[in-house]
Amino acid sequence: MKLAIYGKGGIGKSTISCNLSIALARRGQKVLQIGCDPKHDSTFTLTSFLIPTIIDTLQAKDYHYEDVWPEDVIYQGYNGVSCVEAGGPPAGAGCGGYVVGETVKLLKELNAFYEYDIVLFDVLGDVVCGGFAAPLNYADYCLIVTDNGFDALFAANRIVASIREKARSHNLRLAGLIGNRTTQRDLIDKYVEYCPMPVLEILPLIEDIRISRVKGQTIFELAESNFELNDVCDFYLNIADQLLSSPEGVVPTELLDRELFSLLSDFYLTMENEKDQDDFLMI
Ligand code: ADP
Ligand code: MG
């Protein structure tokens, strides 16, 4: 099964990816996590260091793909999760999306995809250009991480549009939304009312999760010496179990930007004339 995790920058994709990868490994799956964010820290809490990126390795080999071996780019992380980082172009030059495309191409040439039960792509979703959308060409399920705020839901809605588009050519489904760092969910619920999709889990802001990033360890690893953290692990195990039960998922249809602004912003509603509001409420 191939999974693609998308969401606004800083929303918690990598934290969820690492802990979800372990949760899946704990359920007996062989997992490869591929960080596709130029930030290249997706797998940091799995390996406790910043592993060399695919783009660095390719550069060192003068872009001779045939000289790259799986062990050059695939590193072993906690609980046997395999880790890859795509990396990014030099600041102010090149294209991050292109790097993601090249990463997928190289891993295919290395036959890496066939060795794993789960391949999990951790991808940023502020801009879903062709390159950053590339993992959607391979994914069976997409998951979107959001909080209860406008910016993250706006990014989520853009990702929804990309899923709808990619689902025309292959069997891609949206497994659902994961709420992160929030106990409130009124805007998330409003969004899924108009754009129906499952909400797989809502994770609150948990200080131990923030600390786990600083320590370079996942919550699962920290839970070995602090049993109270098993409750936090259960959030991720719950998501893993839902995915392993082959959920139906949805092919969603995004809202228009104007609809999203009306839906999520009381201020905007008061600026709109009543006729426009009526139009929207009739959708
Ligand atoms: P992204 O990969 O989307 O850019 P990260 O996973 O790197 O985001 O998370 C950004 C920051 O938020 C990290 O410092 C991480 O530890 C913290 N974080 C993520 N999820 C939570 C949570 N549920 N509670 C507290 N801190 C969190
Ligand atoms: Mg990240």
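## Briefing: annotated sites and threonine 218

Not counting residues up to four places away in sequence, threonine 15 touches Ile209 and Tyr236, where contact means heavy atoms within 4.5 Å. This is a predicted model, in which local features need pLDDT of at least 70, side-chain atom pairs count only at pLDDT 80 or more, and totals for chains, interfaces and linings use all residues. Residues are numbered from 1 along each chain as its sequence is written, chains are lettered from A and ligands numbered from 1 in the order in which they are written, and side-chain values use heavy atoms, with hydrogens and water left out.

- UniProt (unreviewed entry) lists Gly10, Ile11, Gly12, Lys13, Ser14, Thr15, Lys39, Asn180 and Arg181 as "binding site"; its positions are given in the numbering used here, feature names are shortened, and annotations may be inferred rather than shown by experiment.
- From this set, Gly10, Ile11, Gly12, Lys13, Ser14, Thr15, Lys39, Asn180 and Arg181 belong to the lining of the largest pocket.
- A pocket, on a 1 Å grid over the protein atoms alone, is an open set of points where a 1.4 Å probe fits, with protein on both sides within 12 Å along at least five of seven lines; lining residues have an atom within 4 Å of a point.
- Threonine 15 sits in helix H1 (helices are DSSP runs of H or I, at least four residues, and strands are runs of E, at least two, numbered from the N terminus).
- Threonine 15 is partly exposed because its relative accessibility is 25% (buried means under 20% relative accessible area, exposed over 50%, partly exposed in between, with a 1.4 Å probe and protein chains only).
- Isoleucine 11 belongs to the loop between strand S1 (2–7) and helix H1 (13–26), and it counts as buried because its relative accessible area is 1%.
- Beyond four places in sequence, the contacts of isoleucine 11 include Val145, Asp147, Asn180 and Arg181.

**The cysteine pair**

- A "binding site" annotation in UniProt (unreviewed entry) covers Cys95 and Cys129; they are spread over 35 residues of sequence but cluster in space, with a largest C-alpha distance of 10.0 Å.
- Cysteine 95 lies between strand S4 (82–85) and helix H5 (96–109), in the loop, and is partly exposed at 40% relative accessible area.
- Cysteine 129 occupies the loop between strand S5 (118–122) and helix H6 (130–133); at 27% relative accessibility, cysteine 129 is partly exposed.

**Threonine 218**

- The loop between helix H9 (207–215) and helix H10 (219–223) holds threonine 218, which is buried at 1% relative accessibility.
- Leaving aside neighbours within four places in sequence, threonine 218 contacts Cys18, Asn19, Ile22, Thr45, Leu46, Tyr78 and Ser212.
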